Amino acid sequence: MSYVLSNANRWYCGLESGYGQVPSITNANRIPAIKLAARQQLEKTTRRDKTGGRTFVGTPPGGRKKTAFSLSTYLMSWSNTASLPAYGPLFQAAMGSTPLLHAGEIVASTSGVNISFSAPHGLALNQAVSSGGEIRFVANVVDPATITTNAPFTTTLTAGSAMNPTVTFFPGTQLPSCSVFDYWDPATALQRIVSGMGVDQFTLDVNGDYQEFQFSGMAQDIIDSASFANGVGQLSAFPAEPALAPFNYSIVPGNLGQIWMGIEPNRYATVTEAALRLQNNLEARANEFGSSIPQFISPGLRKVTFDFKLFEQDNQATMELYQAARQQSSIPVMLQVGQTTGQLFGAYMKSVLPEVPEVDDSQQLVQWKVSGSRAQGSNNDELVLAFA
């Protein structure tokens, strides 16, 4: 018998083919573990029968279960570009649509933000492209061989330059679910699976120690090795952990990246804090007669907000940002995390209505605080997320 150490922990993530149907996993599904909190509560109803006294005599088993989770993981290197990153199921569960992989193309010519390729690019509007440790998004598809990016690359693209692979996650009307496997040492310790995970909120905070993704929401059930019963999660047995293999990856310092904003895109190097939040307003279909666990998840109106702080400067770009807020003019916003190919994450909001900045003069340098600026769109296009 021994105590269980909190760092003797490994996570795996998989997309479910049906709600609550636990998928199979391999070593390729392993993700970096920071923290997973999962809590299940039984719905407590009031008994009104007269028992002859004032003592609580308990509630019968089989009541409805409510399960919530929160999960934090690091941005890690993406080496196998032929498939999704290991935490891809979490991002697909947050966004909705099937992600698009792009293998990259060879540049034929460039002119400002216009890039022409030597062959048909096959890119869609808002899809990510990458080169030289930078990520950008397709603001316009000019023709089958030419695109316009949302902002210029700071590195020089020349004829013959190779664009790097990307994977882009788009919003969808419906949301899939995923399972996270929570394995511990020793093998006789309690092992868990959080199944039917619906991501209600995704958060990225910029300029921390490391780049960290946070997911939270509701789940169908918590399946464990101690109380497993045949048929739970559509499993016949609690799955054993895949054979351990080398798990080599890099994580990204929180201070590395770029932010571009404005109708005429400008790179703002004066940003000190930023936070991107996606909220799906999920509801669980949990009140059906005959079941103690939710049977489905239903997303509501999507809410995407962007908060940031930056130092005030008396230049044109900073003044234009304030003017856009005062005039209620929407602007595109692009966030790049990381600066090395294979360790890049990007977020693009084509239309953000900035809030009027709050001026903070309590420190040596004046800062602007902009909170609650909301992204808008026309049809599942207010936010895209990508890796490169």
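**Figure 1. Contacts of Thr-270 in the predicted model.** Leaving out residues up to four places away in sequence, Thr-270 touches Lys-309, Leu-310, Phe-311 and Gln-313. The model shown here and in the other views is predicted. Thr-270 sits in a loop, with β17 (266–267) on one side and β18 (271–279) on the other. Its relative accessible area is 14%. Because buried means under 20%, Thr-270 counts as buried.

**Figure 2. The surroundings of Asp-381.** The loop that holds Asp-381 runs between β25 (367–375) and β26 (384–387). Asp-381 has a relative accessibility of 12% and therefore counts as buried. A polar atom of the Asp-381 side chain lies 3.3 Å from the backbone nitrogen of Asn-379. When residues up to four places away in sequence are not counted, Asp-381 touches Asn-126, Pro-171 and Lys-350.

**Figure 3. Asn-380 in the loop between β25 and β26.** Asn-380 is found in the loop that separates β25 from β26. Its phi is positive, about 50°, although Asn-380 is not a glycine. Is Asn-380 buried or partly exposed? With a relative accessible area of 24%, Asn-380 is partly exposed. Asp-381, which lies in the loop between β25 and β26, counts as buried at 12%.

**Figure 4. Asn-207, a residue with positive phi.** Asn-207 is not a glycine, yet its phi is positive at about 80°. The residue belongs to the loop between β13 and β14 (212–219). Asn-207 counts as partly exposed, with 39% relative accessibility.

Figure 5. Asp-185 and Pro-186 are joined by a cis peptide bond. The omega angle of this bond is about 0°. Pro-186 is placed in the loop that runs from β12 (178–184) to β13 (192–206).

Figure 6. Helix α1 covers residues 88–95 and is mostly covered, with eight of its eight residues buried. The buried residues of α1 are Gly-88, Pro-89, Leu-90, Phe-91, Gln-92, Ala-93, Ala-94 and Met-95. In an α-helix there are 3.6 residues a turn, so residues three or four places apart point the same way. Which residue follows α1? Gly-96 follows α1, and the phi of Gly-96 is positive, near 120°.

**Figure 7. Thr-340 and Gly-133.** Thr-340 and Gly-133 are 207 residues apart along the chain, but their C-alpha atoms are separated by 4.4 Å. Thr-340 is part of the loop between β22 (331–337) and β23 (345–353). A relative accessible area of 41% makes Thr-340 partly exposed.

**Figure 8. Ser-292 and its contacts.** Ser-292 is located in the loop between β19 (283–284) and β20 (297–298). The relative accessibility of Ser-292 is 25%, so the residue counts as partly exposed. Which residues does Ser-292 contact, leaving aside its neighbours within four places in sequence? Ser-292 is in contact with Gly-62, Gly-63, Arg-64 and Lys-65. Ala-243 is 49 residues from Ser-292 in sequence, and the C-alpha atoms of Ser-292 and Ala-243 are 34 Å apart in space.

Figure 9. The protein contains two helices and 26 strands. Its radius of gyration is 24 Å, close to the 21 Å that the globule rule gives for 388 residues, so the protein is as compact as a globular protein of that length. Along the principal axes, the C-alpha atoms fill a box of roughly 80 × 45 × 40 Å. Of the 388 residues, 47% are buried. Among contacts between residues at least 6 apart in sequence, 71% join residues at least 24 apart. The accessible surface is about 19,000 Å², and carbon and sulfur atoms account for 49% of that surface. The protein has 24 positive and 29 negative charges, and the mean positions of these two sets are 13 Å apart.

How values were computed
Residues numbered from 1 in each chain as written. Predicted model: local features only at pLDDT ≥ 70, side-chain atom pairs only at ≥ 80, totals over all residues. Heavy atoms only, no water. Helix = DSSP H or I, 4+ residues; strand = E, 2+ residues; numbered from the N terminus. Buried < 20%, exposed > 50% of the residue type's maximum accessible area, 1.4 Å probe, protein only. Polar contact = N/O pair within 3.5 Å; in protein donor to acceptor, adjacent residues only side chain to side chain. Contact = heavy atoms within 4.5 Å. Rg over C-alpha atoms; globule rule 2.2 N^0.38 Å. Areas by Shrake-Rupley, 256 points an atom, 1.4 Å probe, with all protein chains shown as cover. Lys, Arg positive; Asp, Glu negative; His and termini not counted. Charge placed at Lys NZ, Arg CZ, Asp CG, Glu CD.
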